[in-house]
Number of protein chains: 2
Amino acid sequence: MPKSIARTYSQYSRDAAALLGSLIREARNEHKLTAQELADRAGISRGLLQRIEKGNLKCEIGAVFEVATIVGIKLFEADGNALTKQLHHTKEKLTLMPKSVRRKSRKVIDDF
Amino acid sequence: MPKSIARTYSQYSRDAAALLGSLIREARNEHKLTAQELADRAGISRGLLQRIEKGNLKCEIGAVFEVATIVGIKLFEADGNALTKQLHHTKEKLTLMPKSVRRKSRKVIDDF
DNA sequence: TTATTATGTTCTATATATGAATCAAAGGAA
DNA sequence: TTCCTTTGATTCATATATAGAACATAATAA
């Protein structure tokens, strides 16, 4: 990760992460799960779980999704099956669309 | 990250990430945005965007949220304002709940 | 109150995700 | 077809997120 400069995030992204973290925290309490227990189930450290619950945007999305799934927070869809359905549908749409994005040539316009 | 062993993810998490990636890809095409352009707007590299669209679970959630937000994919809520409302509501609930999870003492039962 | 457990916080070593560069392959326009 | 662009797929150097430990603080039960 060379040339890295502190990344900026939009307010919406920060709110979304904070909300998801709070939802996880709430769900964990309702499930009567210790931070350590939930972390163990998700295969992550307690420290990482804490950062997730705080809405830290630098956590890997896989860890966040795992934790959310364990405590019963459904991403995107209410019933589980709809997820894969929508996935297949989306992928079918993709095959029918142009493979690459291409706008009108800039080169030709620029030089003359 | 010591003692790291290839992390495993649930099928649901993998599907969720794959779906989100496909949705991003689709939205990007509809917005007529080049991968490079979207990556620039999100402040990430094109390679990272590629992995996000592939549903790679090891990407940082902040980058994924940024990209999703830019192409108009709303996380969790349809209208933007409801997000913060729900956030405040959730945090209020948290203050009314026990601060820590504690089950009946195991020590006392175990030894005697 | 006291004892015990959960959570918060900081630190360090290291595994690894990321940015950048490169090349190949594919796609769309003329 | 030929050109130009976009995308896919590598590779590598390095910035950094993570695991783990240690400790402090907070919170619950008795």
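**Cavities, cover and core**

Tutor: The largest cavity has a volume of about 60 Å³. The model is predicted, with local features needing pLDDT of at least 70, side-chain atom pairs counting only at pLDDT 80 or more, and totals for chains, interfaces and linings using all residues. Residues are numbered from 1 along each chain as its sequence is written, chains are lettered from A and ligands numbered from 1 in the order in which they are written, and side-chain values use heavy atoms, leaving out hydrogens and water.

Student: What makes a space a cavity?

Tutor: On a 1 Å grid over the protein atoms alone, a cavity is a set of points where a 1.4 Å probe fits but cannot get out. Grid points are joined across faces, edges and corners, and the volume is the space filled by probe spheres set on the points. Searching the whole structure for cavities of 30 Å³ or more gives two.

Student: Which residues line the largest cavity?

Tutor: Lining residues have an atom within 4 Å of a point. Among them are A:Ile61, B:Gly55, B:Asn56 and B:Val64. H1(B) gives the most to this lining, with four residues.

Student: What does A:Arg28 touch?

Tutor: Contact means heavy atoms within 4.5 Å. Not counting residues up to four places away in sequence, the contacts of A:Arg28 include A:Leu38, A:Glu53 and B:Val101. A polar atom of the A:Arg28 side chain also lies 2.9 Å from the backbone oxygen of A:Leu33.

Student: And why is B:Arg41 called buried or exposed?

Tutor: The relative accessible area of B:Arg41 is 58%, so this residue is exposed. B:Arg41 sits in helix H2 of chain B. Leaving aside neighbours within four places in sequence, B:Arg41 is in contact with B:Leu33 and B:Ile70. The C-alpha atoms of B:Arg41 and B:Ile70 are separated by 7.9 Å, although the two are 29 residues apart along the chain.

Student: How do you know that H4(A) is mostly covered?

Tutor: Nine of the ten residues of H4(A) are buried, including A:Phe65 and A:Glu66. Their cover includes H1, H2 and H3 of chain A together with H1 and H4 of chain B. After H4(A) comes A:Gly72, with a positive phi near 90 degrees.

Student: What makes a group of residues a nonpolar core?

Tutor: A nonpolar core is a set of buried Ala, Val, Leu, Ile, Met, Phe, Trp, Tyr and Cys residues joined through side-chain atoms within 4.5 Å. The largest one has 58 residues, and A:Ile44, A:Ile52, B:Ile24, B:Ile44 and B:Ile52 touch the most other members. Not counting residues up to four places away in sequence, A:Ile52 touches A:Ala63, A:Val64 and A:Val67, among others.

Student: How many helices and strands does chain A have?

Tutor: Chain A has six helices and zero strands. Of its 112 residues, 45% count as buried.

Definitions and conventions: Buried means under 20% relative accessible area, exposed over 50%, partly exposed in between (1.4 Å probe, protein chains only). Helices (H or I, at least four residues) and strands (E, at least two) are DSSP runs, numbered from the N terminus. A polar contact is a pair of N or O atoms within 3.5 Å; within protein, one must be able to donate a hydrogen and the other to accept it, and residues adjacent in sequence count only if both atoms are side-chain atoms. On a 1 Å grid over the protein atoms alone, a cavity is a set of points where a 1.4 Å probe fits but cannot get out, and a pocket is an open set with protein on both sides within 12 Å along at least five of seven lines; lining residues have an atom within 4 Å of a point.
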